[in-house]
Amino acid sequence: MARIEELPESFLSYTRETMGEELFAAFVSGLGEEAPVSIRVNRAKWDGGVAHGERVPWSVDGYYLPDRPNFTFDPLLHAGCYYVQEASSMFVERVLGQYVTEPVEMLDMCAAPGGKSLAAIATLPEGSWLMSNEPIRQRASILAENVSKWGSERMVVVNNYPVQISKSKMKFDVILCDVPCSGEGMFRKDAQAIREWSVQNVEKCRQLQREIVAEAWKCLRPGGILVYSTCTFNTRENEENVRWIMDEYGAELLPVDVSREWNVVGSLLDGFDGPVYRFIPGVTRGEGIFMAVMRKEGEWKPQKKPSLDKLPPILHRMELTRFGGEGKDVSPRVEIDYDTAISYLRREAIRLPEDAPRGIVTLTYRGAAIGQAKNIGNRANNLYPKEWRIKSTHMPEGRREVLN
């Protein structure tokens, strides 16, 4: 939650002017409420339900939860059976479901931590593939972990700046630019975003966003789709940049089917009434997201799909470690209980059942693969990646299963 007295006065004054009194009052009220908790279920790994979950209306696999459980200590999260994703971000699924009906090659240009990439790969037609890129190395490692756990064989993760992507000469049918922004949509749950906000930073972000889009546009095939997204409210980074893309590149702004009950807000820029989509706390049930969909001039033609194993040398590819999902585990599977699963995820020494096969085995919890171990009989060598381990030694009381 964020109190109005914590927010910069310059932010409040221009946001009130941009939104109008009624919308601004709802927004301020929303900032004082707890942010909703939501998850995306990975149907490639889990075909069951969600305990006490309520469907996110613009998502097939998105669910609101009644409160925030201790996700860290749920082995099914680490197994990639679900991903904790803010509900408004799931709107990308609605966009792709409407405009992508044939197999495509897609690029997520600024993908970390990976939620929109996971929503995309779950929505794209069979035969599609997705390259998730993150320029910052540390964030790219987090992205690679989340993609690894999700388990799709149709995804690759790279660590490059947008200019390197364009220099690679790779072309894509769909590009998502969820660009770095001033983060106004994060105010409710991130006090650091409030402290870092300034009018100067808004302008700095606006220029960076245009630079990213300029490189992305070079990579987009004729007739391809660009999805432009931010987690901020102001029109400088949103509508003004969309209008710039249209004027600079001749992009066609596309409408997305939405329901009136969702309370998605349209353009807030005077003189600009094109279809854009803004999720505002207190108005829509989610955090602050802005999204616009544009088509590049020209006729789109299906392409022969390249091998994901052969990317241009200029691109820095991140290693992925997948268990379950679309991949096939060749090692024997050994089911373990909750306490053993947590010990394993902490990368502690574990013991397996006496009848467990010797050698490399895939450990499962409630049938879902969480990783591998080398069983040598009296103990098992823990092969869980060190950088993924649960660092907390605390064991929460009253644990609750998220999935049925």
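In what order do the four strands of the open sheet stand? The order is E2-E3-E1-E4, with antiparallel pairing, where strands are DSSP runs of at least two residues, helices are H or I runs of at least four, both numbered from the N terminus, and two strands pair if DSSP finds at least two bridges between them. Strand E2 (54-55) and strand E4 (82-84) each have a single partner strand, so at these edges one side of each is left without a neighbour in the sheet.

This is a predicted model, in which local features need pLDDT of at least 70 and side-chain atom pairs count only at pLDDT 80 or more, while totals for chains, interfaces and linings use all residues. Residues are numbered from 1 along each chain as its sequence is written, and side-chain values use heavy atoms, with hydrogens and water left out.

| Strand pair | Sense | Bridges | A bridge pair |
|---|---|---|---|
| E1 (residues 37-41) and E3 (residues 62-65) | antiparallel | four bridges | Val37 and Leu65 |
| E6 (residues 129-133) and E7 (residues 155-158) | parallel | four bridges | Leu130 and Met155 |

In a regular strand the side chains alternate between the two faces of the sheet. From strand E7, Met155 and Val157 point one way and Val156 and Val158 the other way, and all are buried (under 20% relative accessible area with a 1.4 Å probe, protein chains only; exposed is over 50% and partly exposed in between).

Helix H4 (residues 91-99) packs against helix H5 (residues 115-123) at an angle of about 30 degrees, with their axes 9 Å apart. Val92, Glu93, Leu96 and Gly97 in H4 meet Lys116, Ala119, Ala120 and Thr123 in H5, contact meaning heavy atoms within 4.5 Å.

Conventions. Axes fitted to C-alpha atoms, helices over the stretch in contact; angles between N-to-C directions.
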